[in-house]
Amino acid sequence: MALSFIYTTKPQLACIFNGGFIVYIENINDEFYMKLALDLASKTKGQTSINPNVGCVIVKDGRIVGMGAHLKRGEGHAEVNACKMAGDEAVGATAYVTLEPCSHFGKTPPCCDLLIEKGIKRVVIAALDPNPQVAGKGVKRLKEAGLDVITHVLSDESHALNEAFNKYILTKLPFVTMKTASTLDGKVATKTGSSQWISGPEARQEVHTMRHQHMGIMVGSGTIIKDNPSLSTRLEVDALQPRPIIIDSKLSISPNAKVLQLSAKQTIIVTTEQADAAKLKQLQQLGVTILVCGQADKVDLQLAMQRLGELEISSILLEGGGTLNGAMLELGLIDKVIIYYGMKIVGGHQSPSLFQFSGISSMNEAITLEQASVNVVGQDARITGYPSNRKFKFNSLL
């Protein structure tokens, strides 16, 4: 069988063409093992509560001897799980960790002390921990103990994985990702209100994965009244369910709404002092958490974010209509935007649009999407980016 070498633009990869298949051979180096640690961490997204997603790989004499990820808040960190697998082979090994090992006592003991105790010789770290309780102290502790420490290996990838944690640990505010589907002419429904379905099944499957990965899912009362959604994650496998968060200034939704029938005790309704007292009491009796945010007839969304942060909700998937999307965007409360554009045009002067707010006067003042990317998902185009007017911007140089 003839083998042909195919050159690649990636210098770290060798590429062999064999019988119609292209085989990439990746050089084994620090990035190689860190990618594995990042992959381990990425698979736990959504299940660590307000904690970061962290992976750890332990390598000795050219062999992987231990792997682990942080699985649940209050339980062993990634380093703990990897060291358990490595056992005695951790002595003299290299540990690849996607986030700086903690140096303080929290719900678990410091991971720095564990790595030192287990005899780890070298530690490679993707990113420093922005948590003020750690923030460089872990690296200092390891170096003082005589370990060889290397930092910032694939740090951008680590920060991207933990963008919700990074914001929450520094501000105690949730990271808000706005997700919506739109026609090519910027409509989220037809002139009669029909919206099912703008996007295809592949895009909708991705959205359910996003729900699994977020602690809360936020909509306005109009969405509940019009569509009566369950606001649940529906995947082919067991999935985590985000807490439903409903913005309802006057408590206009019905106690018989599907979301309340399914998960009243997990539901949070954000309202105002204008809400009917009897309705408020009725909902509380169902087990609904009520947050009163604002005295007027509109919810104070900035206060709502603070209150939700106090409930330890570190990430929110915003699936609102144009009015809620527009209000959140105008206030700079949206951290990330994901828009699925279906290949459809519906027209209509009265058809609701993606964002409804007072608007920008001059084009040079327009809100732009930074770090924007475009991907094809089934028949749809997915655009992802970060609004330029967002209030929190993480310092990726940490």
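User: Where is W197 found?
Analyst: This is a predicted model, in which local features need pLDDT of at least 70, side-chain atom pairs count only at pLDDT 80 or more, and totals for chains, interfaces and linings use all residues. Residues are numbered from 1 along each chain as its sequence is written, and side-chain values use heavy atoms, leaving out hydrogens and water. Helices (H or I, at least four residues) and strands (E, at least two) are DSSP runs, numbered from the N terminus. W197 is found in the loop between strand 9 and helix 7 (201-213).

User: From which residue does the cis peptide bond to W197 run?
Analyst: Most peptide bonds are trans. The bond to W197 has omega near 0 degrees and is cis.

User: What is the bridge partner of I246 in strand 12?
Analyst: Strand 11 (residues 243-247) pairs with strand 12 (residues 268-271) in the parallel sense, over 3 bridges. In strand 12, I246 has as its bridge partner I269.

User: Is S49 buried or partly exposed, and at what relative accessible area?
Analyst: S49 sits in the loop between helix 1 (30-42) and strand 4 (55-60). Its phi is positive, about 60 degrees, although S49 is not a glycine. Buried means under 20% relative accessible area, exposed over 50%, and partly exposed in between (1.4 Å probe, protein chains only). S49 is partly exposed, at 27%.

Note on methods: Pairing = 2+ DSSP bridges.
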